[in-house]
Amino acid sequence: MGLDNYAARRPEGGLTEEDRQAFEQAGIDLCGGLESGGTVSFRGKVYNTLVEEITGVRLYQEWIAPEVVRQMAEALNRYTAEELAEIWDEVEPLNKRSFGENAFHSDRETGDLQRFFAICAERGLGLIGWW
């Protein structure tokens, strides 16, 4: 089952132009899905295992309230991007057959994930889940 997660002001959606600019200026580049682009949204299926391991919150929800997203951001920011990448490799190893023995998750990507959640927390945004 796929999952896309979108930053939003309300469960029905909605971002201001300033919200969109904050994500764009941060240079976030996360894995996108069929309907998500990786800047103001991401393919939640890819990140759920890591996010749940660190925050205790599953991304597979129709709405994650801004207060919860803020707590999630705080939990993610207790680690460096490098530490998150190591944890991700432990809880969800890449398919070594496809990517080789030296495959690993990128600290650039975990840093982008931290920035995504930090922007949501700073701007009072929640997350919509769609699958």
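This is a predicted model: local features need pLDDT of at least 70, side-chain atom pairs count only at pLDDT 80 or more; totals for chains, interfaces and linings use all residues.
Q: Why is Phe116 called buried?
A: Its relative accessible area is 0%. Buried means under 20%, exposed over 50%, and partly exposed in between (1.4 Å probe, protein chains only). A value of 0% falls under 20%, so Phe116 is buried.

Q: Where in the chain do Phe42 and Phe117 lie?
A: Phe42 is in strand β2 and Phe117 in helix α6. They are 75 residues apart, so the pair links distant parts of the chain. Helices (H or I, at least four residues) and strands (E, at least two) are DSSP runs, numbered from the N terminus. Both Phe42 and Phe117 are buried.

Q: What makes the pair of Phe116 and Phe117 edge-to-face or stacked?
A: The planes of Phe116 and Phe117 stand 70 degrees apart, with 6.0 Å centre to centre. An angle of 70 degrees is over 60, so the pair is edge-to-face. Phe117 has 0% relative accessibility and counts as buried.

Q: Which residues form the aromatic cluster?
A: Phe23, Phe42, Tyr47, Trp88, Phe116 and Phe117 form one cluster.

Q: How do you know that Asp112 and Arg108 meet in a salt bridge?
A: The N to O distance is 2.7 Å. A salt bridge is a side-chain nitrogen of Lys or Arg within 4 Å of a carboxyl oxygen of Asp or Glu. At 2.7 Å the pair is within 4 Å, so Asp112 and Arg108 qualify. Both lie in helix α6, four residues apart, about one turn of the helix.

Q: Are Asp112 and Arg108 buried or partly exposed?
A: Asp112 is buried, with a relative accessible area of 3%. Arg108 has 42% relative accessibility and counts as partly exposed. Helix α6 covers residues 107-123.

Q: What does Asp112 touch beyond its sequence neighbours?
A: Leaving out residues up to four places away in sequence, Asp112 touches Gly27, Ile28, Asp29 and Leu30. Contact means heavy atoms within 4.5 Å.

Q: What distance makes Arg9 and Asp19 a salt bridge?
A: The closest N and O atoms of Arg9 and Asp19 are 2.8 Å apart. The pair links distant parts of the chain: Arg9 is in the loop between β1 (4-8) and α1 (17-26), and Asp19, ten residues apart from it, is in helix α1. Asp19 is buried at 0% relative accessibility, whereas Arg9 is partly exposed at 32%. Arg9, Asp19 and Arg123 are linked in a network of salt bridges.

Q: What makes Arg58 and Glu52 a salt bridge, and how many are there by this rule?
A: Their closest N and O atoms are 3.4 Å apart. That is within 4 Å, so the pair qualifies. The count comes to six salt bridges. Arg58 is partly exposed at 39% relative accessibility, and Glu52 is partly exposed at 30%.

Q: Which strands form the sheet, and what makes two strands pair?
A: The open sheet has four strands in the order β2-β1-β4-β3, with antiparallel pairing. β2 (41-43) and β3 (63-64) are the edge strands, because each pairs on one side only. Two strands pair if DSSP finds at least two bridges between them. β3 and β4 (residues 126-130) have two bridges, so they pair, in the antiparallel sense.

Q: What is the overall pattern of the chain?
A: Along the sequence it reads β-α-β-α-β-α-α-α-α-β. There are six helices and four strands. Of the 131 residues, 44% count as buried.

Definitions and conventions: Residues are numbered from 1 along each chain as its sequence is written. Side-chain values use heavy atoms; hydrogens and water are left out. Rings of Phe, Tyr and Trp (its six-membered ring) pair if their centres lie within 6.5 Å; planes under 30 degrees apart count as stacked, over 60 as edge-to-face and the rest as tilted.
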